[in-house]
Amino acid sequence: MLIEIAHFLTILSTGLFFLCFIFSFLLSSNDTNVINLVSKTYSHSFLLFVLSFLIYVYLAVNDDFRVLYIAQHSNINLPIFYKISSIWSAHEGSMFLWIVFLTIWGAVYNFFTSNNQPLKAKTIGVISLTSVGFLLFLLLTSNPFEIILPIPPENGADINPVLQDPLLAIHPPMLYMGYVGFVIAFGQSIAFLVEGKSEIKWEKQVRFWSLIAWSFLTLGIALGSWWAYYELGWGGYWFWDPVENVALMPWLAATAFIHSLSVSSKSSILRIWTLLLSILVFSLSLFGAFIVRSGIIDSVHSFANDPERGLYLLAFIGFLVITSLLLFSYRFSILVSNKRITSLSKESFISINNILFGTLIFSTMLGVMYPLIYEFIYNQKISVGAPFYNAIFVPITLLACIFMYFSIDSKWQQKLKIDLFKNPSIISSVMAIMVVIFVKYKFLISDFWTLASIFIGMMIITRYIFVIFDYLVLKKFTNIYSITAHIGLGLLIIAIGLNNDLSKERALNIQINDSDFYNNYEFTFDNMKLVSGPNYDSVIADFIVKDKAGNEFMLSPEKRKYFVRGQITTETAIHVTPFKDIYMTIGDQLDDGSWIVNIQFNYFIRWIWFSAILMIISGIFLAYSLSRKRS
Amino acid sequence: MTFLLRALILGLTLLFFTFFYLYINEDKYYPGADFQTSDMPKFELYDLYSEKVINQDNLDGTFLINVWASWCITCRVEHGFLVNLSNQNIPIIGLNYKDEKENAIEWIERFGDPYKFIIHDLKGELALDLGVTGAPETFLVSNGTLIAHYRGEVNDMIWKDVFMPIIKKEGLFKND
């Protein structure tokens with residue numbers, strides 16, 4: 001009975017969201033009654049929809065296996081936490097959650113935005129229309145409310161053991177929050193274009209919402225990277241997997257967007273860029289949803305599927321994107337500013353980096369699309385791998401970092417003037433060169449790009465330390481969160497450079513009680529245990545690892561075989577030190593009784609995630625400080 | 001200049017969506033489908049009921065192999081369609097995959113038996129040789145050659161769009 005109610009509530013709220021869209025676009029938006037009506041309709045519709053989702057969660061927790069989706073993805077023996085997370089472990093439920101998040105963003109926007117805000121009604125209209133599109137997709141092609149007749153299974157299925165991981169339970173929701181968060185920026189820019197009044201300043205407000213969405217997106221991507229590292233046993237932080245790429249593209253666009261916003265919220269220049277980017281960010285987020293859910297690309301992320309879903313999503317996304325671009329084209333004149341960008345001003349550097357980011361997005365898109373186009377024409381499968389992306393990303397990112405560095409000293413609407421003798425750049429470049437020389441001889445690095453990354457990263461970090469000094473000691477006004485975020489960027493490129501250059505791995509073939517040396521560590525295969533877990537059997541290898549100084553620690557990589565599907569998973573063993581991870585996985589046993597183990601030394605990999613955390617925290621605090629300034 | 005820019009942005013976007021439209025509408029776009037032919041692997045396994053040994057020589061003519069298990073919920077959804085197919089005289093051989101014998105038999109008793117016979121593959125040996133990654137999966141086999149492989153639930157639509165074209169092309173199941 002409850003499931004039918006949930007189903008009904010979702011249908012009802014779809015209708016109401018559609019009404020909300022109609023009200024906001026067909027009635028005059030200057031009438032306060034209309035704005036009230038739109039706002040109320042939206043919040044009621046939202047409440048019905050959330051209630052529907054809560055009923056669904058309740059059914060999942062209480063093992064109602066009459067519901068086909070719950071029966072397929074949950075099991076009576078799972079802990080409650082995984083019963084809930086099983087909702088988003090496959091297509092239908094994760095789509096459900098995705099729409100819940102979409103409407104939550106709208107509801108929060110609706111709640112905190114005053115009815116006097118001139119774009120409010122239409123923004124909510126756009127959010128409602130987007131929600132309707134996805135709700136129809138859910139109801140028509142991926143219905144999570146379907147019921148098994150006549151006999152429901154008693155115990156349910158077992159969710160994929162790889163997915164039974166606390167991190168994975170939170171990685172998709174964070175990513176979805178980020179993806180759909182840009183609906184506010186998208187809604188506001190469409191509302192702005194529809195209204196067509198160039199005097200309306202929407203950028204300031206959008207900055208707050210977009211920074212929060214950007215922080216979620218960054219967090220989602222970082223969590224995914226961390227999960228692949230320790231749970232999937234991939235042994236690295238980034239693999240240029242197509243699905244990673246479709247998450248990276250909106251992130252790049254969003255990063256360009258929040259920078260562009262800070263320019264156009266001060267003056268009206270770069271408005272064309274900002275508007276186009278706001279459409280691009282959301283379109284790329286939707287494109288990601290299309291790629292993953294249509295099953296066009298095989299990957300760990302893809303869902304079992306049918307082509308109708310792909311077609312529906314393509315049609316809906318195509319409609320949204322092409323309509324927005326037509327509107328953009330039609331209203332082009334109100335976006336054009338007659339102010340020119342002063343050369344070597346802060347704006348000019350941000351515009352250059354917009355172009356560079358555009359290049360990165362375009363190249364990533366090319367990498368994703370090329371195999372598809374090739375397959376379409378020649379009917380052969382090829383893949384585009386890391387060498388392609390590295391060749392493009394490394395130089396362009398470093399170039400963008402250099403322009404970013406110059407923008408530190410530059411001012412809004414003024415030519416950059418550097419007094420070489422007073423500017424800390426001299427000291428920071430000397431310090432950076434010293435670090436590069438130290439690293440070069442200490443770690444014996446000769447690769448140009450690695451050294452260049454360390455140099456540029458150090459320039460950024462040391463230069464910003466002076467800015468922080470000015471801020472703390474001389475009380476000079478500055479945007480402190482922007483500084484911490486960019487220090488994160490500096491750390492990121494250094495860590496990636498060093499990780500790429502220093503990390504090494506080796507497969508060992510080893511008998512019990514034997515030992516072997518690798519990278520100045522002695523690995524002794526001490527013991528092999530067979531252990532029974534709650535729903536799996538596993539073999540655990542105990543290794544005693546000894547470093548040169550004689551410090552010992554134990555690493556116990558594990559291999560599990562789950563009862564229900566016979567699936568085999570590897571559990572990595574990781575020893576964490578500040579500068580490197582020692583990472584072990586076990587493979588198969590050979591005929592002579594020896595085991596294959598894989599040992600990796602991953603240098604500075606923690607620093608990559610640490611820099612992401614720094615950026616996320618900066619993003620959230622910056623958004624918070626903006627909201628305080630506003631009120 | 002600005003006109004060119006606008007036209008370029010719109011044109012590229014249209015091209016982009018047109019490409020994906022064409023890509024999706026192409027026949028080969030069924031992510032679970034695979035039409036690479038290969039020989040039926042050799043095997044020796046027991047019949048689920050009689051425990052009689054079955055090997056590749058016991059299979060002849062044209063038939064489907066359906067990989068299923070009692071723990072697989074999608075198989076339950078698919079089952080009704082398979083019963084329909086077997087009523088239309090399409091021979092289906094079941095490959096019971098990584099499943100306990102009792103559970104499998106109980107399941108068949110409960111939901112009906114569309115299979116000519118069922119091979120019990122407890123360890124997934126034949127399934128491994130066939131390239132099975134999970135259940136359900138369905139193969140079309142003709143005279144010792146695998147000619148189509150579908151990963152996932154076979155239903156009316158999949159049968160019409162994936163299996164029927166190749167069945168018509170090869171002129172299979174005509175004698176029945």
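Student: In this predicted model, which domains does the domain assignment of chain B give, and how many Å separate their centres?
Tutor: The domain assignment of chain B gives domain 1 as residues 1–30 and domain 2 as residues 32–170. Taken over C-alpha atoms, the centres of domain 1 of chain B and domain 2 of chain B are separated by 40 Å.

Student: What percentage of the residues of chain B count as buried?
Tutor: A residue counts as buried if 20 or more other C-beta atoms lie within 10 Å of its own. Among contacts in chain B between residues at least 6 apart in sequence, 72% join residues at least 24 apart. Of the 176 residues of chain B, the buried share is 34%.

Student: In what order do the elements of chain B run from the N terminus on?
Tutor: Chain B has five helices and nine strands in its secondary structure. Read from the N terminus on, these elements of chain B follow the order α-β-β-β-β-β-α-β-α-β-α-β-β-α.

Student: Which element supplies the largest share of the side of chain B that touches chain A?
Tutor: The contact takes 22 residues from chain A and 21 residues from chain B. Two helices of chain B, α1 (2–25) and α2 (73–87), each supply at least two residues of the side that touches chain A. The largest share of that side, 11 residues, comes from α1(B).

Student: How many nonpolar residues are on the side of chain B that touches chain A?
Tutor: Divided by class, the side of chain B that touches chain A has three charged and five polar residues. The nonpolar residues on that side of chain B number 13.

Student: Why is chain A as compact as a globular protein of that length?
Tutor: Chain A comes to 19 helices and 10 strands, and its C-alpha atoms fill a box of roughly 85 × 80 × 55 Å along the principal axes. Of its 631 residues, 46% count as buried. Chain A is as compact as a globular protein of that length because the globule rule gives 25 Å for 631 residues, and the radius of gyration of chain A is close to this, at 27 Å.

Student: Which strands stand at the edges of the open sheet of four strands in chain A?
Tutor: The open sheet has the order β1-β10-β9-β8 (chain A), with antiparallel pairing, and its neighbouring strands are turned by 20° against each other on average, direction ignored. Two of its strands each have a single partner strand, so one side of each is left without a neighbour in the sheet. The strands at these edges are β1 (504–510) and β8 (573–576) of chain A.

Student: Which residue stands opposite A:R506 in β10(A)?
Tutor: β1(A) and strand β10 (residues 595–603) of chain A run antiparallel and are joined by seven bridges. Opposite A:R506, the residue in β10(A) is A:I599.

Student: Which residue in the turn between β9(A) and β10(A) has a positive phi?
Tutor: Strand β9 (residues 580–589) of chain A pairs with β10(A) in the antiparallel sense over eight bridges, and A:D581 stands opposite A:N602 in β10(A). The two strands, β9(A) and β10(A), form a hairpin with five residues between them. The residue in the turn with a positive phi, of about 90°, is A:G593.

Student: Is A:N513 buried or exposed?
Tutor: A:N513 lies in the loop between β1 and β2 (515–518) of chain A, and although it is not a glycine, A:N513 has a positive phi of about 75°. Because A:N513 has 9 other C-beta atoms within 10 Å, A:N513 is exposed.

Student: What does A:N519 count as, with 14 C-beta neighbours inside 10 Å?
Tutor: A:N519 lies in the loop between β2 and β3 (521–532) of chain A, and A:N519 has a positive phi of about 50° although it is not a glycine. With 14 C-beta neighbours inside 10 Å, A:N519 counts as partly exposed.

Terms used:
Residues are numbered from 1 along each chain as its sequence is written. Chains are lettered from A and ligands numbered from 1 in the order in which they are written. This is a predicted model: local features need pLDDT of at least 70, side-chain atom pairs count only at pLDDT 80 or more; totals for chains, interfaces and linings use all residues. Two residues are in contact if their C-beta atoms, placed from the backbone, lie within 7 Å. Ala, Val, Leu, Ile, Met, Phe, Trp, Tyr, Cys and Pro count as nonpolar, Asp, Glu, Lys and Arg as charged, and the others, Gly among them, as polar. A residue is buried if 20 or more other C-beta atoms lie within 10 Å of its own, exposed if 12 or fewer, and partly exposed in between; C-beta atoms are placed from the backbone. Two strands pair if DSSP finds at least two bridges between them. Axes are lines fitted to C-alpha atoms, for helices over the stretch in contact, and angles run from 0 to 180 degrees between N-to-C directions. Domain bounds come from an automatic or database domain assignment. The radius of gyration is taken over C-alpha atoms; the globule rule is 2.2 Å times the number of residues to the power 0.38.
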